[in-house]
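Good morning, everyone. Please bring up the model and keep the sequence next to it. I'll walk through a few parts in turn.

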Amino acid sequence: MFPHGAMYRDAILSSIDPEALARLQHGPDINVLISCPPRWASRRMAMLLGAVAFGVDAWDAERVDCSAARRIGFKPLYVSVRECATPESLADLIIASSCVPPLTPQARRNGLAIFDGGLVNNVPIEGVLKPGENTLVLLTRPFARLPRIAGLTYAQPSQAIQVGVWDYTNDTALQATFDLGKRDAEAFCIKQA
């Protein structure tokens, strides 16, 4: 009924082979955020709580960070891409970071159900901030107000992107989104120079 999980996995595996994974692992450390539900919540209860938390945070869509799921007891877990031994394990990690049952299969880590990292933070900066270093945060939508944090630079699209989160079949919108990102990246680099 929901083909998204298999389509997403196939897309990841068609673009990452062992050589590409090795290049990722030898570059800057990439940490992927997943959400761990409260230990006291069953999988179904965690799904319900996650949906409620997402709805609460959606009311204030202009906030870069979200916190309803954390108040309920969801915890962030950052996993390094360097821990992935194979392209398949990288695909599992990426899919776990966007796990939204029933749209995607339930992801598990060490036997526990895990969920979309966006539940605990839709802009996960705490997993990458290092004192004394500068960090570039790439956003997927424009915000009217961005927080000012020393050592942190936000880059956001100049306009709303045309492709939807679960839209895998709209080639025109995907290309328009790619082109917008390329133009915005070029403008950002010129501005920073």
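Start with one pair of residues. Ser35 stands opposite Phe115, which sits in strand E4. That pair takes us to the strands around it. Strand E1 covers residues 31–36. Two bridges join E1 to E4, and the two strands run antiparallel.

A word on confidence before we go on. This is a predicted model. The mean pLDDT of the protein chain is 86. Of its residues, 97% reach 70 or more. Confidence is highest in helix H2, residues 18–26, with a mean of 95. Confidence is lowest in helix H3, residues 43–58, where the mean is 83.

Now the whole sheet. In what order do the four strands lie? The order is E2-E1-E4-E3. The sheet is open, and the pairing is antiparallel. E2, residues 75–80, and E3 are the edge strands, so to speak: each of them pairs on one side only. On average, neighbouring strands of this sheet are turned by 50 degrees against each other, with direction ignored. As a general point, side chains in a regular strand alternate between the two faces of the sheet.

Next, the E3 end. E4 spans residues 112–116. E3 and E4 pair in the antiparallel sense over three bridges. Within that pairing, Ala107 has Ile114 of E4 as its bridge partner. The hairpin of E3 and E4 has two residues between the strands. Look at Asn110 there: Asn110 takes a positive phi near 55 degrees.

Over to helix H3, and to Ala46, which lies in it. Is Ala46 buried or exposed? Ala46 counts as buried, because its relative accessibility is 1% and the cut-off for buried is under 20%. Ala46 and Ile72 are 26 residues apart along the chain. Their C-alpha atoms are separated by 9.8 Å.

Last stop, the second largest pocket. Its volume is about 290 Å³. How many residues line this pocket? There are 18, and the closest to the centre are Ser89, Asp92, Leu93, Ala96 and Arg108. Where does the lining come from? Helix H1 (4–15), helix H5 (87–96) and strand E3 (107–109) each supply at least two residues. H5 gives the largest share, five residues. By type, the lining divides into 10 nonpolar, three polar and five charged residues.

Note on methods. Residues are numbered from 1 along each chain as its sequence is written. This is a predicted model: local features need pLDDT of at least 70, side-chain atom pairs count only at pLDDT 80 or more; totals for chains, interfaces and linings use all residues. Side-chain values use heavy atoms; hydrogens and water are left out. On a 1 Å grid over the protein atoms alone, a cavity is a set of points where a 1.4 Å probe fits but cannot get out, and a pocket is an open set with protein on both sides within 12 Å along at least five of seven lines; lining residues have an atom within 4 Å of a point. Grid points are joined across faces, edges and corners, and a volume is the space filled by probe spheres set on the points. Ala, Val, Leu, Ile, Met, Phe, Trp, Tyr, Cys and Pro count as nonpolar, Asp, Glu, Lys and Arg as charged, and the others, Gly among them, as polar. pLDDT is the predictor's confidence in each residue, from 0 to 100. Two strands pair if DSSP finds at least two bridges between them. Axes are lines fitted to C-alpha atoms, for helices over the stretch in contact, and angles run from 0 to 180 degrees between N-to-C directions. Buried means under 20% relative accessible area, exposed over 50%, partly exposed in between (1.4 Å probe, protein chains only).
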